[in-house]
Amino acid sequence: MGILNLTKLLADVIPQAIKETDIKSYFSRKIAIDASMCLYQFLIAIRNEGGQLSSADGETTSHLLGTFYRTIRLIENGIKPIYVFDGKPPDLKSGELSKRQEKRVEAQEALNAATKAGDVVEMDKYNRRLVKVTKNHADEVKQLLSLMGVPYIEAPGEAEAQCAAMVKAGKVYATATEDMDALTFGSKVLLRHMTFSEAKKVPIQEIHLDKVLDGLNLNQAEFTDLCILLGCDYADSIRGIGPKRAIELIQKHKSIDAVLKNLDKTKYPAPENWNYDGARELFTNPEIMDPEEIELKWTDPDEEGMVKFLCGDKQFSEERVRNGCKKIMKARGGTTQGRLDGFFTVLSTTPAKRKKEEKKSTPNKRGKVAGGRGRGKPK
């Protein structure tokens, strides 16, 4: 679910915080991708186009097809993708997972009824709701990524939290996911629609956390409480409080604790045993791997290994697999050129700030830049 209605709230209140761009804008960028979300998109998209692709023994291969071609497309555009897989979900998410399971049971019952009635439209509708990314899907994609020479990470907890930590540490430029809680976890940059923008002919949405906080006039702690109040995976929300009311309450009272002290509890009763504090702690201090200990390495693809893995039982075309390997090798040879913004300082439009920044960017007698970190490679 991510954060309920946060995208709409930002679009309505601070549309300038959402920038629309295309895949070519991220040449030479390292992007952390929410793998589970990505695989779910591939499974849904290919089902919508006319049924799942499968191997000789009937096992689904749509997740492999989507990963193979989409990853090649990212690499061809100069992007360095890192796939991040979910680990164990936190205990506080058990309630949300139970709700999802209940919905799956309801969808299965509805599918059975639609099948009995021969209603093809309803059958397709409920079939989509039953799509689920399994451990086997994830394991096969990890094997494929290794053969493609693309790094992946198995997070100890939520993938979005790990992605956000890597962005904050400067390991990668952005988090690519549809779940807005990447911002709640503190990702400085969020990219939505990254893995399907071209296929669906929609632009990539780039959202910067600092612009969100400035536009809403909130700090990170207040923004976290806003997200919990809107509705997240770790705690129920207060019935009757929508996005507009939620932002008004947080802007006025600054925290959920203060909101509850000033709220009409007869009109807006909080959920029983509402563990908003636990949700706040999960967003603020999630279980992650130390980004500084993560080594990101892209290698040449194992062409013969890919042919062996994807062809045969999985029924991929050997010619297309080998052509895909050639595209990866060609693209890897053309991504050594750095981004222009890695060589130029972007100065503020405010005169006072611009003067200060110009002073910082001027070399001193020793040829060093005041407060600088050197030219380092762009993230």
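How many residues does helix 15 have, and what span does it reach from its first C-alpha to its last? In this predicted model, helix 15 (residues 318–332) has 15 residues and reaches 21 Å between those two atoms, close to the 21 Å expected at 1.5 Å a residue. Its buried residues are Val321, Arg322, Gly324, Cys325, Ile328 and Ala331. Among the elements that cover them are helix 3 (62–76), helix 6 (135–148) and helix 14 (303–310).

The strands form an open sheet of seven members in the order 1-7-6-5-2-3-4, with mixed pairing. Strand 1 and strand 4 (152–154) are the edge strands, each pairing on one side only. On average, neighbouring strands of this sheet are turned by 25 degrees against each other, direction ignored. Strands of a sheet pair through backbone hydrogen bonds, either parallel or antiparallel. Strand 2 (residues 30–34) and strand 5 (residues 174–176) run parallel and are joined by three bridges; isoleucine 31 stands opposite alanine 174 in strand 5. Helix 3 lies across strand 2 and strand 3 (80–85), and runs at about 140 degrees to strand 3.

Helix 1 (residues 6–13) presents two sides. Leu6, Leu9 and Leu10 are buried in this helix; they lie on the same side of helix 1 because they cover an arc of only 95 degrees around the axis. Lys8 and Asp12, on the other side of helix 1, are exposed. The buried residues of helix 1 pack against strand 1 (18–21), strand 7 (204–208), helix 9 (209–216), helix 10 (220–230) and helix 11.

In soluble globular proteins, nonpolar side chains tend to be buried together. The largest nonpolar core of the model contains 44 residues, of which Leu6, Leu10, Leu216, Phe223, Leu226 and Trp274 touch the most other members. Several helices, including helix 1, helix 7 (159–168), helix 12 (256–262) and helix 13 (276–284), each supply at least two residues of this core. Helix 10 gives the most, with six residues. Not counting residues up to four places away in sequence, leucine 10 touches Pro15, Ile18, Met180, Ile207, Val212 and Leu216. A second, separate core has 40 residues, among them Phe68, Leu74, Ile79 and Ala176.

Histidine 253 is found in helix 11 (residues 243–253). This residue counts as buried because its relative accessibility is 17%, under the 20% cut-off. Neighbours within four places in sequence set aside, histidine 253 is in contact with Ala258, Val259 and Asn262.

Terms used. Residues are numbered from 1 along each chain as its sequence is written. This is a predicted model: local features need pLDDT of at least 70, side-chain atom pairs count only at pLDDT 80 or more; totals for chains, interfaces and linings use all residues. Side-chain values use heavy atoms; hydrogens and water are left out. Helices (H or I, at least four residues) and strands (E, at least two) are DSSP runs, numbered from the N terminus. Buried means under 20% relative accessible area, exposed over 50%, partly exposed in between (1.4 Å probe, protein chains only). Contact means heavy atoms within 4.5 Å. The arc is that of the directions from the helix axis to the C-beta atoms. The expected span of a helix is 1.5 Å times one less than its number of residues. A nonpolar core is a set of buried Ala, Val, Leu, Ile, Met, Phe, Trp, Tyr and Cys residues joined through side-chain atoms within 4.5 Å. Two strands pair if DSSP finds at least two bridges between them. Axes are lines fitted to C-alpha atoms, for helices over the stretch in contact, and angles run from 0 to 180 degrees between N-to-C directions.
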